[in-house]
Amino acid sequence: AAAPAASSSTPTSEREVAEANALRKALRIHVYGEGVPPPVQSAEQMAARLELRPQLLRAVLSAGYHELTRVQMQAVPTLVARRELLAIAPTGSGKTAAFAIPLLALLGSGKGRGGLRAVVVAPTQELARQTHREILKLGAGSKLNVGVLSKKLAAAAADAAAGGGGLKRYDALVATPLRLVSLLRKGALKLGAVELLVLDEADRLLDGGFLPQIDEVLAACDGERVTRALFSATVPPAVEDLATSTLRRPVRLVVGEKNAATETIAQKLVFCGREDGKLLALKELVRVGIKPPVLIFVQSKERASELYDELAYDGLNVDVIHAERPQAQRDAVVEQFRTGKVWVLIATELMARGMDFKGVSLVVNYDFPTSVSSYVHRIGRTGRAGRAGEAVTFFTEGDVEQLRAIANVMKASGCEVPEWMLKLKPLKKAKRRRLEAQPRARKAIRKRRDELEAGA
Ligand code: ADP
Ligand code: MG
């Protein structure tokens, strides 16, 4: 389709500007940038104002999105107007549809066009698959070909490239950075025709680990029409600077408080004394009664396995997911947790970002999160789409030095915290960095085995 009419993208009259500002103010939608398109209030108004195809509106309504979330209200008109965007909105606030709807709108019917025109980058395979599903759901009834860069697809594309071909049949692709770049380097993929590039969990993608890959992707998306959009719940200042200096005439959108937790999550801190106290505290939680599904975070795959042994021995319906398990097993576990066959899922940081499991009632931070953003994303697996949720974070004597930052998040999102926690000494930057890179050493979770050995 042609670029949307100017009337739909920029406020034309003073009255329209005033209305847009009043709506944003009432909903605490903060925007920065010039000529920001006015927000839309509902799916119907969005479709009418942005001239969306009826079939896209139908899919949005069948998904149950009659009311839009705040980030959707502002991000959709912004991206449909092809304005570059940095969007910061809480976990579970519908950021996926906030980029999926404009992606589908910009791609149009998909008839008679060649080449890859939209790419969404996500930090994990699991998240890429979930995002792919959401795009398929909202793209139902269209002729568009939207793919996810699975291992199989990547291998097929690499083979085709070796034979002089490439990955041609997709209009849009969801991918993790490593696979995407590996295909780029093999010449199996060209991004010159990309019109929309979305970096989901942008702060994760732009931090040290993925930065070289993301730089390559940004460089490869060199078409004149490319619009780039960054989404996350947490954006540290350094990433924000990087984003605003990279994007062209960007719109910055902030919904609610920056780097704060979702307000529908009741957050609790539980002091467990020393390492051994944590298993007891967890068993006490289980004994008192937990309502599945429950997600438990630990800091390493070894600890995930250890805790799994403990809980499985107790007859709990539990499974474990971490990067070391084969992808097929990871997919199966995610599916079983989604469908309620697994009640308690023990996970590493791998699951902290973006995963949307319906109705997770409780997140337990068995191991204290190593950064504020880790905390916000982990507990953000509950309390999604306006639902209530609960988060319990265990801490030991050793973790106290990191407590202040988390206590501040809790306070900012309206939870009660003891005054002494807020008065703790802030952690030195170097130490903070070190702990982020390498969580503190902890005594193994091995009560069961030790007991068995002692009894033998
Ligand atoms: P985020 O990326 O902001 O963490 P998601 O995009 O994963 O959030 O969405 C969280 C949940 O909210 C999903 O289950 C999604 O289906 C639901 N959702 C998204 N938009 C709406 C809407 N407009 N109305 C109702 N539910 C929505
Ligand atoms: Mg998300």
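Colleague: In this predicted model, how many residues does the largest nonpolar core have, and which have the most contacts inside it?

Modeller: A nonpolar core joins buried residues through side-chain atoms within 4.5 Å. The largest one here has 66 residues, and those with the most contacts inside it are Met 46, Val 71, Leu 85, Ile 101, Leu 103, Phe 231 and Met 351. Helix 6, spanning residues 95–107, gives the most to this core, with 9 residues. A second, separate core of 40 residues includes Leu 86, Leu 183, Leu 191 and Val 235.

Colleague: What does Leu 85 touch, leaving aside residues up to four places away in sequence?

Modeller: Among the residues that Leu 85 touches are Ala 75, Leu 79, Arg 228, Phe 231, Leu 247 and Val 251.

Colleague: Turning to ligand 1, which of the residues around it come nearest?

Modeller: Of the 16 residues around ligand 1, the nearest are Tyr 65, Glu 67, Gly 92, Thr 96 and Asp 356. A polar backbone atom of Gly 92 is 2.7 Å from an oxygen atom of ligand 1, and a polar side-chain atom of Arg 384 lies 2.8 Å from an oxygen atom of ligand 1. The protein covers 87% of the 570 Å² of accessible area that ligand 1 has on its own.

Colleague: How should I read the backbone angles?

Modeller: Most residues other than glycine have a negative phi, and most peptide bonds are trans. Here Glu 51, in the loop between helix 3 and helix 4, has a positive phi of about 55°, and the peptide bond from Pro 292 to Pro 293 is cis, with omega near -5°.

Colleague: Is Glu 51 buried or exposed, and why?

Modeller: Glu 51 counts as exposed because its relative accessibility is 58%, the cut-off being over 50%.

Key. Residues numbered from 1 in each chain as written. Chains lettered and ligands numbered in written order. Predicted model: local features only at pLDDT ≥ 70, side-chain atom pairs only at ≥ 80, totals over all residues. Heavy atoms only, no water. Buried < 20%, exposed > 50% of the residue type's maximum accessible area, 1.4 Å probe, protein only. Helix = DSSP H or I, 4+ residues; strand = E, 2+ residues; numbered from the N terminus. Contact = heavy atoms within 4.5 Å. Near = heavy atom within 4 Å. Polar contact = N/O pair within 3.5 Å; in protein donor to acceptor, adjacent residues only side chain to side chain. Areas by Shrake-Rupley, 256 points an atom, 1.4 Å probe, with all protein chains shown as cover.
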